[in-house]
Amino acid sequence: MIIKCKLKLILKPGKATPTPPIAPILGQYGINLMNFCTKFNFLSKNINFEFIHVKIILFEDLNYEILLGNESLTSYIKKFLKIEKFSNKPGIENKELINFEKINQISIYRNIFEKKKISSVRKMVVGTLISIGINYDQ
């Protein structure tokens, strides 16, 4: 089978509907939206995360394969630090200060999924924290 394209989405598990934002993205590739939504909801019905990464591999004959990923890093940070909402203006209005120990705990959890060096994962976590408006202690 020849791969036509690969799509990456972040979706709520078990709650896919054939409406925007899913419909315009998948519709332009000719994927049957109802079939996709029922298949995705069936595959992700037992997942208890807020958002998950989803990879869709679309083949030339319009068959597709759904690969469910892990929880998004920002939603994990939100749960870990017990934050309701991130900063609207990161860099200008920062919400919270986080120490190295908490960054390390998040990095160790994330390293289960990333399979990279812990220092690389830690840099990724720090970059995400800066982009959502959370300062860190050096």
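**Overall layout and two local features**

Starting at the N terminus, the elements of the chain follow the order β-α-α-β-β-α-β-α-α-β. That gives five helices and five strands. Keep in mind that this is a predicted model. The C-alpha trace spans about 50 × 30 × 30 Å along its principal axes. Of the 138 residues in the chain, 35% are buried.

Now for a pair of helices. Helix H4 covers residues 100–114 and helix H5 covers residues 118–131; their axes come within 8 Å and cross at roughly 115°. The crossing of H4 and H5 is right-handed. On the H4 side, the contact is made by Phe100, Ile103, Asn104, Ile106, Ser107, Ile108, Arg110, Asn111 and Glu114. H5 brings Ile118, Val121, Arg122, Met124, Val125, Val126 and Leu129 to that contact.

Next, a look at the surface. Phe42, Leu43 and Leu68 make up a nonpolar patch there, and together they have about 270 Å² of accessible area. Phe42 sits in helix H2, which runs over residues 33–43. Is Phe42 buried or exposed? With a relative accessible area of 55%, Phe42 is over the 50% cut-off and so counts as exposed.

How values were computed: Residues numbered from 1 in each chain as written. Predicted model: local features only at pLDDT ≥ 70, side-chain atom pairs only at ≥ 80, totals over all residues. Heavy atoms only, no water. Patch = residues over 30% accessible without salt bridge, like charges linked within 9 Å, V, L, I, M, F, W, Y side chains within 5 Å. Areas by Shrake-Rupley, 256 points an atom, 1.4 Å probe, with all protein chains shown as cover. Salt bridge = Lys/Arg side-chain N within 4 Å of Asp/Glu carboxyl O. Helix = DSSP H or I, 4+ residues; strand = E, 2+ residues; numbered from the N terminus. Buried < 20%, exposed > 50% of the residue type's maximum accessible area, 1.4 Å probe, protein only. Axes fitted to C-alpha atoms, helices over the stretch in contact; angles between N-to-C directions. Left-handed = near helix turned anticlockwise from the far one by under 90°. Contact = heavy atoms within 4.5 Å.
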